[in-house]
Amino acid sequence: MESTILIKGIMTVHGKRDVLIKGERIEKIADNIDFNAQKLIDGTKKHLLPGFINMHTHAAMTLMRGIGEDMVLKEWLYKKIWPTEQKLDEELVYWGTKLACLEMIKSGTTCFNDQYWYLESAVKATAEMGLRSVQPFVILDLYDPSKFSKIKEDCFMAWEKSQSWGGANRFAIGIHSPYSVSQEMLLWGSEFARERNLLVHIHVSETEGENRDSIAKHGVSPTLYLDRCGVLGPNVIAAHCLWMDDRDIEIFSERGVKVVHNINSNLKIASGYKFRYNEFRDAGVTVTLGTDGCASSNNLDMLEAMKIAALVQKGWRGDPTALPINELLSLATENGGKALGIDTGVIREGSLADLILIDTDSYAFTPDINFLANLIYSANSSCVESVICNGQVVMEGRGVEGEREILDNVNRLYTKLL
Ligand SMILES: [Zn+2]
């Protein structure tokens, strides 16, 4: 039998409403719904929002929180992160992903676009936690031709296994970046994705050095190089995109590429901060928001990411009207759904029931002059009171099932990485 949840008298952008959820979707939004649901939620002093969508993360990197502080990106990646990742195993990724899901649930994220190793462990953990995700097979060959055939074989196998995933996890192709993946594998990976209608998740122009190297090696920017290789299309989600000139943005617009802004990670690794939000938006590019992995950001808190994105955008442009609150919320919700091609990130009859309930009975929401401003600038993620994902309650009254077990297991296991 289909599960049913009725939320009574909760504040929405259209005023106080009742919301009925049937199965995985929102069935009805109305003034007064009379229905004998299996679960009844009292919406008094709460505000309903779509769950946040974290569009760029490496979930199990929660295991490496604090492992490489105060380092520059190249050194951090080549000397710290990649050698540490050699020690990962299925068990570590399983618990690391569970920890990430726990953190995401507690901070109001219901869907994430991941890029990490041990795919099956990550999917198992995510499904058990009840979250929605896009999980890619990651291509990273470091220009070593001896790795090509193994990567291709593994990718086929991963794709075949993914056919039995079901539920709320989707398979995708992760291409680490144009600087870490050979042209042959770039082409192969994007062709593999295109033939199967899969998303491609890639890092692009994260640092100025990456652009310089690309020009030295290929004669053009990373964007022009990817375009020349035929990689760019509407199925491509490009993370960072900090160092993009007008021509690069124009190409993204023409090809329908989606962009993920990851300000916390960018600031912390000092890759840059002048993300050209207005230019992307005005060119019609779908801009979304992410946190990046916990080794660089060091949390998965989308509310914090929203606030910092707005502050930095206003600051570097010297324009207090930059990145207004309503657009910020879209970046963190509906634009993510649009980019992933998943019917989430909105509160609409018929759309997926990925919802968060915000407790507004606190100093951060008092006085109640502007809910969104209070949410983004005054509150922190502890205001997320309950979370529903895919029509199932995954947190109620800030309690998440299995929380203690997750913390204990990560504490028991993380030393394997050190
Ligand atoms: Zn990343």
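**Ground rules.** I number residues from 1 along each chain as its sequence is written, and side-chain values use heavy atoms, with hydrogens and water left out. As the model is predicted, local features need pLDDT of at least 70 and side-chain atom pairs count only at pLDDT 80 or more, while totals for chains, interfaces and linings use all residues.

**Zinc site.** I looked up which atoms coordinate the zinc ion and found His56 (NE2), His58 (NE2), His203 (NE2) and Asp292 (OD), at 2.1 to 2.6 Å. Donors are N, O and S atoms within 2.8 Å of the metal (3.2 Å for Na, K and Ca); water is not among the atoms, so sites may look incomplete. The angles between the four donor atoms run from 82 to 177 degrees, so the arrangement is irregular. I noted the rule: four donors are tetrahedral if all angles lie between 85 and 135 degrees; four are square planar and six octahedral if opposite donors are over 155 degrees apart and all others between 65 and 115; anything else is irregular.

Along the chain, the donors have the spacing H-x1-H-x144-H-x88-D. Histidine 58 lies in the loop between strand E6 (52–57) and helix H1 (73–85), and histidine 203 lies in strand E10 (residues 200–204), 145 residues away, so I wrote the pair down as a link between distant parts of the chain. Helices (H or I, at least four residues) and strands (E, at least two) are DSSP runs, numbered from the N terminus. Both histidine 58 and histidine 203 are buried (under 20% relative accessible area, with exposed over 50% and partly exposed in between; 1.4 Å probe, protein chains only).

**Cavity.** I found one cavity of 30 Å³ or more. The largest cavity has a volume of about 210 Å³. It is lined by 21 residues, and those closest to its centre are His58, Met61, Leu77, His176 and His203. On a 1 Å grid over the protein atoms alone, a cavity is a set of points where a 1.4 Å probe fits but cannot get out, and a pocket is an open set with protein on both sides within 12 Å along at least five of seven lines; lining residues have an atom within 4 Å of a point. Grid points are joined across faces, edges and corners, and a volume is the space filled by probe spheres set on the points.

The largest pocket has a volume of about 870 Å³. Its lining has 23 residues, with Trp117, Tyr118, Phe137, Val138 and Asp154 closest to the centre. H4 gives the most, six residues.

**Leucine 311.** I located leucine 311 in helix H12 (residues 302–317). Leucine 311 counts as partly exposed because its relative accessibility is 44%.
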